[in-house]
Amino acid sequence: MTTFEGKKVRTALAASTVAAVAIVAAACGNKSDGPGTSGDTAAGVDIKREAAGDITTNGGARRLDGDQTKAIADSIQKSKAKNVILVIGDGTANQELTLARDYQWGAVGQIPGIDQLPLSGDYTTYALNKDTKKPDYTTDSAASGTAWSTGTKTYNGAVGVDVNGKAQRSILEIAKANGRKTGNVTTTELQDATPAVQVAHVAQRKCYGPVETKEKCGSDSLANGGPGSITEQLLAARADVTLGGGWKTFQQTADAGEYNGKTLEVQAKERGYQIVRSGEELDGIKDANQDKPLLGVFAEGNLPRLWDKATATKEGGKEPAVTCSPNPAFGATPKLQSLTKKAIDLLKNDKGFFLQVESGSVDKANHDADPCGQIGETVQLSDAVSTALEFAKQDKDTLVIVTGDHAHTSQIIETGSVTPGLTRTLNTKDGSTLTVNYGTSLDPGEEQHTGGQVRIAAYGPGAANVVGVTDQTDPFFYITDVLGLDRTKK
């Protein structure tokens with residue numbers, strides 16, 4: 001069979017699968033043609049994945065309450081949506097979700113929002129080797145983010161460009177060109193890889209401002225005729241709502257272009273941005289649009305983590321179990337849930353919107369071998385998903401997608417084990433102990449990504465596209481298709 005013939009067969013199989021799903025949905029009574037119609041049963045679907053019995057008895061640990069066929073079929077909706085909310089847990093694969101569930105909600109519990117999404121699958125996450133153009137099996141956040149935001153595989157470190165350095169248009173840019181409102185929310189610096197892939201195109205992810213760009217991405221520098229640093233491109237991209245950290249970079253000074261000699265903060269003001277620096281100021285914002293886009297920056301760097309550190313150690317398996325505690329440094333920092341709700345409130349309109357939301361420090365705590373910091377940021381992820389899902393069920397015309405960008409290093413191991421790597425034992429909701437191992441480095445701060453496939457789940461119109469095994473580039477195509485966007489429109 002030739003490659004072309006194989007592609008035809010795969011296309012036919014995909015079409016038959018979609019047809020089969022439609023038949024099942026119709027047979028089970030979901031006849032929705034659009035939001036608000038009498039046949040719309042999806043909003044009433046309540047997927048529960050919490051064991052309610054005595055786990056020592058037969059059936060006590062089961063999560064399914066009877067046959068799920070009708071509930072799943074009822075959750076399958078039409079293929080077009082007005083809005084899409086893409087929620088990313090950076091460095092959040094199945095082991096990170098399991099760790100958070102076991103600690104915070106118990107082994108029989110469910111992660112609110114995340115475990116309630118009715119349709120799920122996994123996607124492959126590999127990057128490309130810049131020189132050989134062959135698979136690089138362990139991706140970073142820049143290559144993985146570029147994959148879902150542009151539909152193009154690239155090399156680790158690349159932001160919004162292909163393996164040859166050519167700029168690739170993002171979902172956010174295409175949505176804006178098609179007249180949709182857009183938003184970009186994160187708990188990290190706004191210049192970090194995941195938020196950056198929707199608004200910038202640079203050869204190296206560390207090119208935050210003019211200073212770094214001149215040093216690391218010379219051809220991208222405005223002074224050399226390029227598109228500029230990540231922050232300069234962010235301001236030019238002009239999403240309606242942009243919320244996160246990274247204020248220190250806005251103090252850098254442009255070295256070329258219309259705003260030469262002015263700080264990026266001054267540039268933002270002259271471009272008409274509403275700038276807020278606190279949750280209280282954010283609460284006072286009533287509108288955000290192309291005339292007055294919103295730029296909320298709530299920390300000099302990354303936003304502080306919700307929970308305090310409990311760093312794993314070489315002797316952690318022998319040390320007493322610990323209970324996670326709030327991070328005093330979090331203070332009045334807006335939580336991801338409130339940022340998500342505010343973004344949705346400001347973006348909702350008759351034409352629709354695209355919003356990306358990231359809980360970015362699941363990854364950063366994982367790098368630090370910090371299970372409590374990691375779990376706390378997964379709690380933030382859960383709260384943000386619950387907020388998005390609540391809106392989607394009321395709106396009935398919104399697709400919510402939840403995934404991670406790559407797998408990471410944390411593993412649950414047997415308590416008391418002697419193992420290489422760093423460990424920490426935690427007291428869980430179940431009244432038991434759980435030991436976490438970080439095995440890719442013996443130095444906190446140096447733990448590395450791993451190459452596993454990552455869960456992706458969804459609710460709303462077009463949610464069936466996540467089912468089965470897909471690739472990280474697939475969301476770009478079905479998100480733009482579900483929104484009815486013309487990918488060539490400038």
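Helices (H or I, at least four residues) and strands (E, at least two) are DSSP runs here, numbered from the N terminus. The model is predicted, so local features need pLDDT of at least 70 and side-chain atom pairs count only at pLDDT 80 or more, while totals for chains, interfaces and linings use all residues. Residues are numbered from 1 along each chain as its sequence is written, and side-chain values use heavy atoms, with hydrogens and water left out.

**Stop 1: Ser 359**

Select strand β9, residues 353-359, and go to Ser 359 in it. Is Ser 359 buried or exposed? Ser 359 has a relative accessible area of 0%, so it is buried (buried means under 20% relative accessible area, exposed over 50%, partly exposed in between, with a 1.4 Å probe and protein chains only). Now show what surrounds Ser 359: leaving out residues up to four places away in sequence, it touches Ile 88, Gly 89, Asp 90, Thr 187, Leu 336, Glu 377, Gln 380 and Leu 381. Contact here means heavy atoms within 4.5 Å. Draw a distance from the side chain of Ser 359 to Glu 377: a polar atom of that side chain sits 2.8 Å from the backbone oxygen of Glu 377.

**Stop 2: the annotated site**

Stay in β9 and select Glu 358.

Look at Glu 358 on its own. Its relative accessibility is 1%, so Glu 358 counts as buried. The side chain of Glu 358 has a polar contact of 2.5 Å with the side chain of Thr 186. A polar contact is a pair of N or O atoms within 3.5 Å; within protein, one must be able to donate a hydrogen and the other to accept it, and residues adjacent in sequence count only if both atoms are side-chain atoms. Beyond four places in sequence, the residues that Glu 358 touches include Asp 90, Thr 194 and Pro 195.

Next, pick Thr 194 in helix α6 (residues 193-196). Thr 194 is buried too, at 1% relative accessibility. Among its contacts, leaving aside neighbours within four places in sequence, are Asp 90, Ser 141, Trp 148, Glu 358 and Asp 405.

**Stop 3: the nonpolar cores**

In soluble globular proteins, nonpolar side chains tend to be buried together. Here a nonpolar core is a set of buried Ala, Val, Leu, Ile, Met, Phe, Trp, Tyr and Cys residues joined through side-chain atoms within 4.5 Å. Select Ile 85, Leu 294 and Leu 355: of the 56 residues in the largest core, these touch the most other members. Which helix gives the most to this core? Helix α13 (residues 371-395) does, with ten residues. For a second, separate core, of 51 residues, select Leu 119, Leu 172, Leu 264 and Leu 399, which are among its members.

**Stop 4: a three-stranded sheet**

Colour the open sheet with the order β11-β13-β12, where the pairing is antiparallel. Two strands pair if DSSP finds at least two bridges between them. The edges are β11 (410-413) and β12 (422-427), each pairing on one side only. From one strand to the next, the twist averages 30°. Six bridges join β12 to β13 (residues 433-438), and Arg 424 has Val 436 in β13 as its bridge partner.

Now bring in two helices. Helix α3 (residues 94-105) lies across β11, β12 and β13, at about 50° to β11. Axes are lines fitted to C-alpha atoms, for helices over the stretch in contact, and angles run from 0 to 180 degrees between N-to-C directions.

**Stop 5: loops**

Thr 409 is in the loop between β10 (398-404) and β11. At 5% relative accessibility, Thr 409 counts as buried, and its side chain makes a polar contact of 3.2 Å with that of Thr 440.

Finish with backbone angles. Ala 369, in the loop between α12 (361-367) and α13, has a positive phi near 55° although it is not a glycine. Arg 238, in the loop between α8 (230-237) and β6 (241-245), is another non-glycine with positive phi, of about 60°.
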